[in-house]
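Dear colleague,

I am handing over the structure below, and my notes on it follow. Please read them beside the coordinates.

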Amino acid sequence: MIRFFERYEAETSQFFDEVISKEGAPRPHYDKMLHRFGQFSADDIKARREIVNIFFRNQGITFTVYGEEEGVERLFPFDLIPRVVPANEWQTIERGLTQRITALNTFLHDIYHGQKILKDKIIPAELILGSQHFRREFVGVNPPLGIYIHVTGSDIIRDGEGNYLVLEDNLRTPSGVSYMLQNRQAMKRAFPVLFDKYKIRPIENYPQELLRTLQEIGPVSRRDPNVVVLTPGIYNSAYFEHSFLARQMGVELTEGKDLVVNNNKVYTRTTRGLERVDVVYRRVDDAFLDPLVFRPDSKLGVAGLVNAYRKGNVTLANAIGCGVADDKVIYSFVPEIIKYYLGEDPILQNVPTWLASNPSDLKYILANLGSLVVKAANESGGYGMLIGPESSIEQQENFAEMIVANPRNYIAQPTISLSRHPSFFNDTELFGCHIDLRPYVLYGKTVTIVPGGLTRVALKRGSLVVNSSQGGGSKDTWVVDE
Amino acid sequence: MLSRVAESLFWMSRYFERAENTARFLDVNFNLLLDLNKITHIENPSYWVALILVTSDKERFNNLYDEYSARTVTDYLVFNKSNPNSITSCIGLARENARSIIESISSEMWEQVNNLYHYLQNVTPQFVQNDPYGFYKEIKNASHLFQGITDNTFSHNEGWDFIQIAKYLERTDNIARLIDVKYHMLLSEAQSQPELVAGSEDIIQWMAVLKSCSALEAFRKVYLSKIDPDNILRFLILDRTFPRSINFSVCAAEDALWRISGSSRHRYVNNADRLIGKLEAELSYTAIEDIFAKGLHLYLEDLEQRLVKVGEQVHLTYFAYHTPEIESSDIEEALPFTGIAGGRANWSQAQQHQQQQ
């Protein structure tokens, strides 16, 4: 605990610190890390920062920020100190997520078939049927293996006691997995010695696992299915990831205009004619997928794609209509969903959630706007959010109006003081930054979770928002065996 | 290979080659002034207007600047973002194309385009003025490095062939323009100052033309020191072994096109193959006297037109691909293929900004 950590203030009375326990001692799984970082001078850190920056820049790992001057590309902020998750904690996360994703998938199958859970009144039917992500076009369709959510990135946080809680299920087009992989590469270049000291579980096989999953879910009639990635295009903020994954899997990266549907079959346009496509890993929202079915003004989609899908000639990953299950209102029902379909108690808990559509909850929300976090049910990326303690009276009043006008669209949660992790500030001093964790779950014939995930970190002093679109950064995440 | 990917490879390569050639034009002009001991006349417009003629951009240039000088022409050809052919624009467009197919090219290729792009972001006019030789060499070397990396890290299959087609079509076009303009310059000087054209200044100018194609040494090996316009034109247009001659470049483009389509001599399968084959055949049986008989300027102009036609046919054959059997509603609803030369259209930019979870 020399140099950098000497002056580090964990403030363990207020926050759960990942590295320093309440007693003020480093947690055992961080011992070797602190020792190693203790040997570094400020210049060492600077040199390593340079290695990392060059790596990211050369790889073209930049992030486009909307609303700024066109073409502004920034390096994705990266913190040099990795997060360590001990194997026993990881086991809980792994089991919890497997349970949760299995239940949510069963839920989706039910919603798009018999709707038993609505008939049994576990969830009010109007919440489902009125959701903007419920796709009636898709009722009765049978995706291969009955799987809807092939790729998930659940957001997990830790509360003041260090319990892992699920904050969000991202069941549509979760992003960030490429940063998980690249962060590991960058760390290996900058801190090779540190890797010698820990038994870190590898994550490098994610692209192979993803490809395997995508091939498993191909149309039953097609052997050796041809997989493509569908991207909105180079101006999308996650474009780097789309191309990265296509390259890592060795499959074509396509835009809507590269695909064409003929006789309910999907093809790519190539220099030698048309080539059949069996599985589309699409990173395009439902609404833009097919101008004949959804938004007619979509220039990103493929006319006829949904029909081809309904006929079973092509598989989309994730399936259409998954958004109905990751809606922030439905989120509050996930513990019931797990109990209903699996007959088990949830392994990972939810963050307590009040629904504005519920009159008594609404009253509570409006009375406590200053202390709650209010979220729009269908937004992501940290948009449409009110953080009570940081908000002005005027902002609160605005939100109150919006909530009353459309209660179905809002939920509220207590302001949870997310766990903190020492992170570099200007590469000269450490301070505690709030973090979360997004592991990536693959669901084909089996559920696979690569050990690790993307740890997002709110690099603004005191900020709670970790989304990259809001100035957050990330860290490498190590699941270690002792 | 996806048509869109093929097209982006094509334009990535073409813009890179164009940037290199622009650097060559500028570099040789500085050298010429040095050789002629006219560095003190560096702002003399007659030495700079030719560079604008070479790129056929006179009108756009005149809208932006009041005079032809080292400063304005360098600014226009190196930095100006509204000039799509400036070195900065070309490398930006090459990078944009590369970025859109980053998964298809090797990461080494991407790093090279990206490095050059970032290098150019930090270059100032002052820097170029202080060391023009160093700067243009940097651009030329970057282009050579890119080609070397491409040859050694990228499979020599269809995609590589599209890169070659683009490179050699662009190069042919640039050599033709360069010769044409120098010829004009010399011609106009011959009228105003006939004594110069016959003298050593003429030789120095022609040597500059050779230098800008890195051809001086190769030329000397063939023609020893008989530097006269006939030999120089014979070399730059008709030589079959020098990589910056028109004949060589057309042959190389033809080879690449044939590898893609499986065409062979006397048997073409599409119009791109036919047009390039015809051009190549004619070049093979042309003597420099034939060119003079037609008139050099007319000959070069005709050549440039024919290169444009080849480019159009490559586009129609491979990039604008659609199958005739797909008719009915499917094709009507599908978007037309909109890949275009000047980079990428912005029509879908707004929609691409959809939120990612």
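**Chain B overall**

Of the 357 residues in chain B, 45% are buried, where buried means that 20 or more other C-beta atoms, placed from the backbone, lie within 10 Å of the residue's own. This is a predicted model, in which local features need pLDDT of at least 70 and side-chain atom pairs count only at pLDDT 80 or more, while totals for chains, interfaces and linings use all residues. Residues are numbered from 1 along each chain as its sequence is written, and chains are lettered from A and ligands numbered from 1 in the order in which they are written.

Chain B has 19 helices and zero strands, these being DSSP runs numbered from the N terminus (H or I, at least four residues, for helices; E, at least two, for strands). Among its contacts (C-beta atoms, placed from the backbone, within 7 Å) between residues at least 6 apart in sequence, 66% join residues at least 24 apart.

**A helix pair in chain B**

The axes, lines fitted to C-alpha atoms over the stretch in contact, of α12(B) (residues 216-223) and α13(B) (residues 229-238) come within 11 Å and cross at roughly 115°. The two helices α12(B) and α13(B) are therefore roughly perpendicular, a term that covers 65 to 115 degrees. Phe219(B), Val222(B) and Tyr223(B) of α12(B) meet Asn231(B), Ile232(B) and Phe235(B) of α13(B).

**A helix in chain A**

Helix α6(A), residues 177-190, reaches 20 Å from its first C-alpha to its last. Since 11 of its 14 residues are buried, α6(A) is largely enclosed by the rest of the structure.

With best wishes

Conventions: Axes fitted to C-alpha atoms, helices over the stretch in contact; angles between N-to-C directions. Parallel < 35°, antiparallel > 145°, perpendicular 65-115°, else oblique. Contact = placed C-beta atoms within 7 Å. Expected span 1.5 Å × (residues − 1). Buried ≥ 20, exposed ≤ 12 C-beta atoms within 10 Å, placed from the backbone.
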